[in-house]
Amino acid sequence: MRTETPPLIRLEEYRPSDYLIDRVDLDIRLDPHATRIDATLTLRPNPAGVPAAPLTLDGDDLRLVSAELDGAPLAPDVYAATPSGFILRDPPPRPFALRLVTEVDPTANTKLMGLYRSNGVYCTQCEADGFRRITYFLDRPDVLAVYTTRIEADRTEAPVLLGNGNPVEAGDAGPGRHYALWHDPHPKPAYLFALVGGRLGKVETPFTTMEGRTVSCAVYVEPGKEDRAGYALDAVIRSMAWDETAFGRAYDLDVFNVVAVSDFNMGAMENKGLNIFNDKYVLASPETATDGDYAAIEAIIAHEYFHNWSGNRVTCRDWFQLCLKEGLTVFRDQEFSSDMRSRPVHRIAEVRSLRARQFPEDAGPLRHPVRPRAYAEINNFYTATVYDKGAEIVRMLRTLIGPEAFRAGMDRYFADNDGRAATVEDFLAAFAAVTGRDLDAFARWYERPGTPRLAVTAAYDPAAARYTLQLAQSLPGTADSDETPLVIPVALGLVGATGPLTGATCPDVRDGVYVLDRPESAIVFDAVAEEPVPSLLRDFSAPVKLDLGLTDAQRMLLLAQDSDPFNRWQAAQDVALRLILDPDADRTEAFAAALGRFLDGEALADPAFAALVLALPSEGEAADAVPAEVDPDAIHRGRSDLRTRLGQVLRPRLEAIDAALVPDAGVPYSPDAASAGRRSLRNAALDLIAAGDPRTGAARAAERLAEATNMTDRLAALGTLALIPGETREVALAEFATRYADEPLVLDKWFAIQAQIPEPGTLDRIARLQEHPAFTMTNPNRVRALIGSFAFGNPTQFARPDGSGFARVADTVAALDSTNPQVAARLLTAFGSWRRLEKSRGAKAVEMLNGIKAIPGLSRDTADILARTLG
Ligand code: 0A1
Ligand code: ZN
């Protein structure tokens, strides 16, 4: 049997539902193997739908126990029920109540969609289409209902019972049983439904909204881990306050609950009033979490909370509009994090992540528009393009219209669409309404896949004191950008030998931004007293690739003199990237000297920024800059040779940084941005010292491991040591495993570090680690830590010429596909770059992909990624 290409669902085929559901009354009796869901749906024909159409409800792996219409049992000949659907042939042409009882086995649910158990805790995941695994339903985001949920369970097994909305009552339900009743007054689509039942500890605190509502906020975790939930709770409170000030959005229920579970397919989920989280993004203590973990917890707590308005109060009409809630909410969480931390440092981190994940996606077989036009499996569209490029579009919109008009447009969007399922057009209409602008050309960003290129040439006429920049945009892989160009905000400035040029004038540049809305254009500056270096796309004002043939010397001038921190960092990255791809001894020396001057001047003034300047472009980013026939080994060599030389030349400075940033004894760990910045620079210095002199590096890293008082420093030292083969490394790894034997989330870091070691022995190491008692294929975090880190973070070993690296990942995909297709499919996306690899490696990748294709009964998730990857 061959896997068929799954059928496509198309945006242009959208039509409203024939029926609407106004109310949902659920009575759910939790049981490990036979949970009963008694659902009463209050339905009515949709005036916008087909009159008298049969009622077709979605189902997935369901068993119907009984069915009633308006209180009377349904005769067998008027309906049909299968595991995947329920059809009522002649529904009444008026409002009616359909009562359906289904039964599911949460313990057997390995897909982690619908109702399942994680470490014995009952929990749910319904986005995108998991509610249909609980009861038959119109499982589409444009069907909004008011839910009342009664949850009943064994008191010992599930003392805590949580639902959406507000708690109404709770009490006894017979011997050993109890119940809780929850009511959510806000109409919502089924994908936002959630329940939790289990033994859980909690931390809680009240928050009073600007409207005067007292909200009880709580974070629930595994009992005994309450002391690791405080940071997440604090982030909830800060998110609530920030959304009020930044966007005028207040919370709208009496309780806000966050629950951490250990088995979760994604990061977290914004269910109304009951956010469910991968515990990795909740639990934090200095001993178990790094600065990066704290920052991620803060960002994801904020992201899910912000969805309460951008996603829940205003939801999506259909899944093609996913970016409407995701791109916008990522933009909002990025703004929040920027306000909580250093804005320039955060912007650089955002762009690094965009380039690492979204640019390759946009350049490969899985590329798609931010608003896709067709999909086979929606769960495969929770992508970097929808999320991160989607956020960049919102950011560009703000740059184009300015912050005040942007805020007015957001207010208008929320006001016009509250309680509705909206589209991208509705979003843009709000901004068009408040600005009077036509945003049709701007809207092309949602439709065009691929990363645009912006080619720039410069000419200086000293006699006329005139400086001209010629700009040309193009979209690789498409022919039509000439006729319908994108609207690209280009933030820019000119930099002279001693700093930004202030006297230059150009009427087309407003507030430092030029708007390129034609295929080609010229920007003319007058009163330019000296030949400047252009600083373009400041703060990364558009998600494009810039072709600007600056010399290393010009770039180093930007590093030294530009007023835009992003472009200072970018300039150093550009020099480093060229040296990785095209090594050159003289230019390396000049670069090292420039970095040295930079470090002398300001490393200690802004350590977080300095650490980013020292972090060279990743091997993946370097590969992305190679047009074809990528050789990961050559890139790896280029990058490590550059690091070695920089480590040697900069050694005295790095030692000085190391000494200056020794943490004060007795000062307790704090995850704040300034302290984290000092740790990141000191650890970056150690890493570069080790690159220049591995013997000293290994000894120093081992010392650092011994004296570390927090996970950030400990893991950084282990990461440095992991790149230096030898006894010291192996001893350190073994000690780390012993120390954290009971800490699965910490062992994930240990798995990940080892999976990324760029050595031939790594495959055997992974085979051994798969046998480690802490490893299991049923937990997505474990799989991602070990196999995911290998596939996405070890380019030389994943793409080994003999194909053994690909085989390891392909085998995992094959093993996982029947139990957890979502995680399997996501892992498979690592093969997305095969076409750009050097030919023989590419051929090996295709061999593996064809091997997976031959597996009978492959899931739709995996079959979809496979079909698109093979193209
Ligand atoms: N809406 C969530 C992402 C999410 C999507 C699908 C899931 O199913 C497994 C889970 C979570 C977010 O943006 O955070
Ligand atoms: Zn989201």
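**How do we know? Reading a predicted model**

Of the protein's 871 residues, 51% count as buried. Keep in mind that this is a predicted model.

Q: Why does Arg-841 count as buried?
A: The cut-off is 20 or more other C-beta atoms within 10 Å. Arg-841 has 24 C-beta neighbours inside 10 Å, so it counts as buried. You'll find Arg-841 in helix α26 (residues 839-853).

Q: Which residues is Arg-841 in contact with, leaving aside its neighbours within four places in sequence?
A: Those are Ala-799 and Pro-801. To be in contact, two residues need C-beta atoms within 7 Å. As for Asp-631, it sits 210 residues from Arg-841 along the chain, yet their C-alpha atoms are separated by 8.9 Å.

Q: What span is expected for helix α2, and how far does the helix reach?
A: At 1.5 Å a residue, 22 Å is expected. Helix α2 (residues 291-306) reaches 22 Å from its first C-alpha to its last, so it is close to the expected value.

Q: What makes Ala-232, Val-259 and Val-282 stand out in the largest nonpolar core?
A: Of the 262 residues in that core, these three touch the most other members. Helix α5 (residues 384-401) gives the most to this core, with 10 residues. Not counting residues up to four places away in sequence, Ala-232 touches Val-219, Val-258, Val-282, Ile-297 and Ile-301.

Q: Why are β6 and β14 at the edges of their sheet?
A: Eight strands form an open sheet with mixed pairing, in the order β6-β5-β9-β3-β2-β12-β15-β14. β6 (72-73) and β14 (166-172) each have a single partner strand, so one side of each is left without a neighbour in the sheet.

Q: How do you know that strands β2 and β12 pair?
A: Pairing takes at least two bridges. Strand β2 (residues 19-29) and strand β12 (residues 145-154) have seven, in the parallel sense, so they pair. For Val-24, the bridge partner in β12 is Tyr-147.

Q: Which residues of strand β4 are on its covered face, and which on its uncovered one?
A: In β4 (residues 55-58), Leu-55 and Leu-57 are on the covered face, while Thr-56 and Asp-58 are on the uncovered one.

Q: What is the helix and strand content of residues 552-870?
A: That span is 73% helix and 0% strand. UniProt, in an unreviewed entry, lists it as "domain: Peptidase M1 alanyl aminopeptidase C-terminal". Residues 107-192 are 0% helix and 50% strand; the unreviewed UniProt annotation there is "domain: Aminopeptidase N-like N-terminal".

Conventions:
Residues numbered from 1 in each chain as written. Chains lettered and ligands numbered in written order. Predicted model: local features only at pLDDT ≥ 70, side-chain atom pairs only at ≥ 80, totals over all residues. Buried ≥ 20, exposed ≤ 12 C-beta atoms within 10 Å, placed from the backbone. Helix = DSSP H or I, 4+ residues; strand = E, 2+ residues; numbered from the N terminus. Core = buried A, V, L, I, M, F, W, Y, C linked by C-beta atoms within 7 Å. UniProt positions renumbered as here; feature names shortened; annotations may be inferred.
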